[in-house]
Amino acid sequence: MNTQKLKVVLTVKLPDAVETRMRELFNTTLWLFMTPMPPDRVLEVARDTDVLVTSINDRIDADFFANCGDRLKMIANFGVGHDHIDIAAATEKGIMVTNTPGVLTEDTAEMTMGLILAVSRRFVEGAELVQNGEFSAWSPTFMLGRRIFGKRLGIIGMGRIGQALARRAKAFGMSVHYHNRKPVSARISDELGATYWDDLDQMLSRMDVVSINAPGGTGTQHMLNADRLARLQPHAILVNTARGQIVDEQALAAMLRNNRIAGVGLDVYEREPAINPELIGLPNAILLPHMASSTIEARQDMGDRVILNIKTHQDGHRPPDRVIPAML
Ligand code: DGY
């Protein structure tokens with residue numbers, strides 16, 4: 001790609017410092033609205049740019065690639081998850097796709113640990129009660145939650161974020177269990193004192209807390225279906241900061257309503273940003289608006305990765321965060 005002519009279009013509002021640097025380096029068109037760029041506009045701008053900077057809000061599917069023309073050379077996604085991009089279709093068209101791994105690991109793990117604590121110890125219910133002027137007296141039987149010290153945490157997906165969560169959970173006195181396609185290395189397993197379950201059903205039925213930290217996409221769609229959810233113990237809590245599609249939300253809502261599990265902490269949803277109405281208003285559900293990686297630090301670092309990926313591609317090198325390494 002030619003340095004002078006490299007055109008970059010953003011489909012999403014990024015932090016000012018990131019946008020400013022992108023304007024210095026590239027012929028960058030910003031998207032200055034907090035709402036995502038409409039899909040037909042995304043397709044339109046894609047036809048006349050070298051690089052498209054996308055986010056989870058965009059549906060970059062086979063239809064997109066069939067209609068985006070021949071100019072587009074790269075999709076630099078602002079985010080680590082790429083289940084909204086049809087990687088096979090991109091590969092077929094020779095379009096480079098990059099993401100932003102690593103730089104939001106600690107933030108997401110922090111939020112996941114926070115949700116485990118918040119659900120177990122009823123942070124939101126307590127805070128609302130005080131805000132509503134309903135705190136009349138301390139009582140030994142008032143606002144009882146469940147201790148997490150000494151409890152078993154089952155992590156589904158032991159990648160970077162799963163491991164970062166495991167370190168935190170261990171520090172809180174939890175014992176770490178996990179389900180993954182394969183066991184982690186002996187060094188990591190020893191460090192975390194982690195127990196591996198190849199059989200997810202078995203792990204689910206034995207845990208006090210379950211956290212989903214697996215990637216989204218067709219491979220994990222409804223991995224926690226109604227049958228699997230039914231394996232959870234009635235006192236168990238479930239936390240999901242990964243992707244909503246991994247859980248059958250309708251089945252989960254029914255379980256919560258029937259007190260078949262103790263509580264959930266959700267940051268992601270099956271039809272995001274739409275929230276299943278069955279989940280609304282439940283005292284045992286803490287619902288967050290997909291904010292697990294929302295720190296000032298992570299957003300800046302993610303922007304830096306996007307810039308680095310575009311710049312290295314522009315300079316004829318292999319971008320560090322290629323989602324399709326086999327392409328180069
Ligand atoms: C990620 O990086 O995947 C976050 O979920 C935001 O898309």
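Q: In which loop is proline 273 found?
A: This is a predicted model, where local features need pLDDT of at least 70, side-chain atom pairs count only at pLDDT 80 or more, and totals for chains, interfaces and linings use all residues. Residues are numbered from 1 along each chain as its sequence is written, and side-chain values use heavy atoms, with hydrogens and water left out. Glutamate 272 and proline 273 are joined by a cis peptide bond with omega of about 5°. With helices (H or I, at least four residues) and strands (E, at least two) taken as DSSP runs numbered from the N terminus, proline 273 belongs to the loop between β11 (263-266) and β12 (285-287).

Q: Is histidine 222 buried, partly exposed or exposed?
A: Histidine 222 is not a glycine, yet has a positive phi of about 50°. Its loop runs between β9 (209-212) and α10 (226-229). Buried means under 20% relative accessible area and exposed over 50%, with partly exposed in between (1.4 Å probe, protein chains only). At a relative accessible area of 26%, histidine 222 is therefore partly exposed.

Q: How are the axes of α5 and α7 oriented to each other?
A: The axes, lines fitted to C-alpha atoms over the stretch in contact, with angles from 0 to 180 degrees between N-to-C directions, come within 8 Å and cross at roughly 50° for α5 (residues 105-120) and α7 (residues 160-171). Angles under 35 degrees count as roughly parallel, over 145 as roughly antiparallel, 65 to 115 as roughly perpendicular and the rest as oblique. The two helices α5 and α7 are therefore oblique.
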